[in-house]
Amino acid sequence: MSQPAIILWSDADYFSPYVMNVYVALAEKGLPFALKTIDLSRGENRQPQWQGYGLTRRVPVLEVDGFELSESSAITEYLEECFAPPEWERIYPLDLQKRARARQIQAWLRSDLMPIREERSTDVVFAGVKKPALSETAQRTASQLMDTATSLLAHGNQNLFGEWCIADSDLALMLNRLVLNGDDVPQQLVDYASFQWQRASVQRYVALSAKRAG
């Protein structure tokens, strides 16, 4: 099978959690890809000459042999179906119910928890920025996150479903918004987030943001 021509568009700082999600998925599958950046802070994605995806004008954008797709969860699901085992590594659980649960977790992390995303932006995660104490609203949201994560990890394993899947990286990133800021997080969740963060594909993405910041 010939190698597909794949391009991933990222924000210039590599601070996007959704770009990280797609980057990790590509790396875990062992798919070679070109990485291109767009400066969102300067509004380059709004310029008509941007060669990324014109419909949504935001990252990530994935191009596979000329087919363009945006929205990270749609991209990772497409990658799983298009580049399926045994030739390519799996990024979602094989079991149908576990796979559905992984997608549920991803959707929840993207659609809820806004106070955490607002008060613990990803410059905490990727640039070591420290933020002030959480507001009461964000504290309640953080409690919701930690209660849910504790329930999901009640089995005591280091991964959500016994072996790694892409939802583990998403959940770890959300927890690290709190952990890496020094907020009070149960040790079980600190250990889980730290374990997930050491995965080679994640560290490769973190190195991109560190290099940019340096």
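V64 stands opposite F67 of strand β4. Strands here are DSSP runs of E with at least two residues, helices are DSSP runs of H or I with at least four, and both are numbered from the N terminus. The model is predicted: local features need pLDDT of at least 70, side-chain atom pairs count only at pLDDT 80 or more, and totals for chains, interfaces and linings use all residues. Residues are numbered from 1 along each chain as its sequence is written, and side-chain values use heavy atoms, with hydrogens and water left out.

Strand β3 (residues 61-64) and strand β4 (residues 67-70) run antiparallel and are joined by four bridges; two strands pair if DSSP finds at least two bridges between them. The two strands form a hairpin with two residues between them. In its turn, D65 has a positive phi of about 50 degrees.

V64 of β3 is also the bridge partner of I6. Strand β1 (residues 6-11) runs antiparallel to β3, again with four bridges. The strands belong to an open sheet of four, in the order β2-β1-β3-β4, with mixed pairing. At its edges are β2 (34-38) and β4, each of which pairs on one side only. Neighbouring strands of the sheet are turned by 20 degrees against each other on average, direction ignored.

Helices lie across this sheet. Helix α1 lies across β1, β2 and β3 and runs at about 150 degrees to β1. Helix α2 (residues 72-82) lies across β3 and β4, at about 135 degrees to β4. Such angles run from 0 to 180 degrees between N-to-C directions, and the axes are lines fitted to C-alpha atoms, for helices over the stretch in contact. Contact means heavy atoms within 4.5 Å.

Helix α1 (residues 17-29) also packs with helix α7 (residues 166-179), at an angle of about 145 degrees and with the axes 10 Å apart. P17, M20, N21, V24 and A25 of α1 meet I166, S169, D170, L173 and R177 of α7 in this contact. By class, it has six nonpolar, two polar and two charged residues. Ala, Val, Leu, Ile, Met, Phe, Trp, Tyr, Cys and Pro count as nonpolar, Asp, Glu, Lys and Arg as charged, and the others, Gly among them, as polar.

The protein as a whole has nine helices and four strands, following the pattern β-α-β-β-β-α-α-α-α-α-α-α-α along the sequence. Of its 214 residues, 49% count as buried, meaning under 20% relative accessible area with a 1.4 Å probe, protein chains only.

Terms used
Buried < 20%, exposed > 50% of the residue type's maximum accessible area, 1.4 Å probe, protein only.
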